[in-house]
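Here are a few exercises to work through with the structure open beside you. Try each task before reading its solution.

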Amino acid sequence: MRKAFPWITFLAALAILAAAGVYIQQAIAAQQNQVKQQRPPAPQPPLEVSVVEVVTTPHSARVNLVGIAHPRYELTLTSQVSGEVHSLGKEYEVGRFIKQGTVLITLKNPELIANLASAENSVANAELALKEEERQVQQAQAEWQAAGLTGQPSSELVLRKPQLAAARAALKAAQANLQLARERQQDLVIRAPFDGVITATQVAPGQYINANTTVATIHSADYAMIELQPSNQDWFKLPATDDMVEQRWPAQVESVDSSATWRGFVASVSQHLDSNSRLRSLFVRVDAPFDQVQPLLSGSYVSVQLQGKTIDGLWQLPNSSLSQKSEIWYVDEKQQLKNFAASPVFVDNRFIYIRPPVQLASQKQQVLTHPYNSYLVGTKVRPLVQDSNILVAGQKQ
């Protein structure tokens, strides 16, 4: 029995050591599992975003176009007859305003004076010949009746009807030549055909000029015309062409080179496409361009602003509301971010005008003013409402 006791003690010690090892391993495993277990994430605060509150309302587009001011008439004045420049009118200077009928140039041509005298002599001779023929006709009729003849003679020459017709035609031709000679003599005085401004002069006293020689260039002063070529998208924004012409649709004209402005209106619309640009032209008229505080000179580059037609159901948003991906971001009823693809119906220098989806159009919506590409749909946000007018004014500054 004593010999077996050491072995019993040894086996008990091994059992105790084994139990201790198992306990230690279980404790280590439990500790490792506790370390591996993740803590629940801390709740993230909502993302703050700037928004504007919008509702669908009617808006009018503004169409901005650029053109060149031209006079109603741009005339290259020419002489109708030849002659020596006898004198120049005191208004015959570049830049002078002239009234219709103002004498600009007087020519001298003795041949035309002689032609007029000859034409007057021809008329006098033709009148005399006609009177003589009328007397001979009366005498022939009297002789026919005195001879007791009845009916009509076999030839009209007996009663001198052809001779009388020839005399009348000769007088008419002589009178026409006289009228032409008088007009040619009147053409020796060159007058302004309308109110305008002389922009160029070409002759000097003593100079001999031929017919059809250019003597001056004159721009009319009654009104200026500006030709504009709206794009197809711009035409969509404008009212019907007939309405614009009939209502003298207003146009704001501004100088490209200065701060000068003028009031104009739509005068006409072309009925064809330009062969080069393939666009249709619209013409804006500015009355009395030289009577303005700052005259509208021909050849001036101008910017023209036209009020477009009214379009219903649009959002007016700051320009910054359209993301780089052409998306509009808004906050839904759960205070989460959503977006939709958008293309502005029209824009101006402050706002964009968007037609929202049907499901958003009936109620007020909160639209982000500065959407970023990093935003995700469904993100929880806290909207900060901004005043769109103040916001845009601050951006403009």
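**Exercise 1.** Decide whether Arg 96 is buried, partly exposed or exposed in this predicted model, then find which residue it meets in a salt bridge.

*Solution.* Begin with the relative accessibility of Arg 96, which is 30%. Buried requires under 20% and exposed over 50%, so Arg 96 counts as partly exposed. Next, look at the charged end: the side chain of Arg 96 meets that of Glu 91 in a salt bridge, at 2.9 Å from N to O. Glu 91 has a relative accessible area of 17%, so this residue is buried. Finally, widen the view, and you will find Glu 91, Glu 93 and Arg 96 linked in a network of salt bridges.

**Exercise 2.** Locate the salt-bridge partner of Arg 72 and work out where in the chain the two residues sit.

*Solution.* The partner is Asp 222, with 2.6 Å from N to O. Arg 72 belongs to the loop between S2 and strand S3 (74-78), while Asp 222 is in the loop between strand S10 (214-220) and S11. The pair therefore links distant parts of the chain, 150 residues apart. For accessibility, Arg 72 comes out at 36% and Asp 222 at 33%; both values fall between the cut-offs of 20% and 50%, so Arg 72 is partly exposed and so is Asp 222.

**Exercise 3.** Explain why strand S11 (residues 223-228) is described as largely enclosed, and identify the strands that pair with S11.

*Solution.* Count the buried residues: five of the six in S11 are buried, so the strand is largely enclosed by the rest of the structure. Now take the pairings in turn. Strand S2 (residues 57-71) runs antiparallel to S11 and is joined to it by three bridges; here His 70 stands opposite Met 225. Strand S14 (residues 280-287) also pairs with S11 in the antiparallel sense, over six bridges, and Val 284 is the bridge partner of Ile 226.

**Exercise 4.** Is Ala 119 buried or exposed, and which residues beyond its sequence neighbours does it contact?

*Solution.* First place the residue: Ala 119 lies in helix H2 (residues 110-146). Its relative accessible area is 7%, so Ala 119 is buried. Leaving aside neighbours within four places in sequence, its contacts are Ala 174, Asn 177, Leu 178 and Ala 181.

Conventions: Residues are numbered from 1 along each chain as its sequence is written. This is a predicted model: local features need pLDDT of at least 70, side-chain atom pairs count only at pLDDT 80 or more; totals for chains, interfaces and linings use all residues. Side-chain values use heavy atoms; hydrogens and water are left out. Helices (H or I, at least four residues) and strands (E, at least two) are DSSP runs, numbered from the N terminus. Buried means under 20% relative accessible area, exposed over 50%, partly exposed in between (1.4 Å probe, protein chains only). Contact means heavy atoms within 4.5 Å. Two strands pair if DSSP finds at least two bridges between them. A salt bridge is a side-chain nitrogen of Lys or Arg within 4 Å of a carboxyl oxygen of Asp or Glu.
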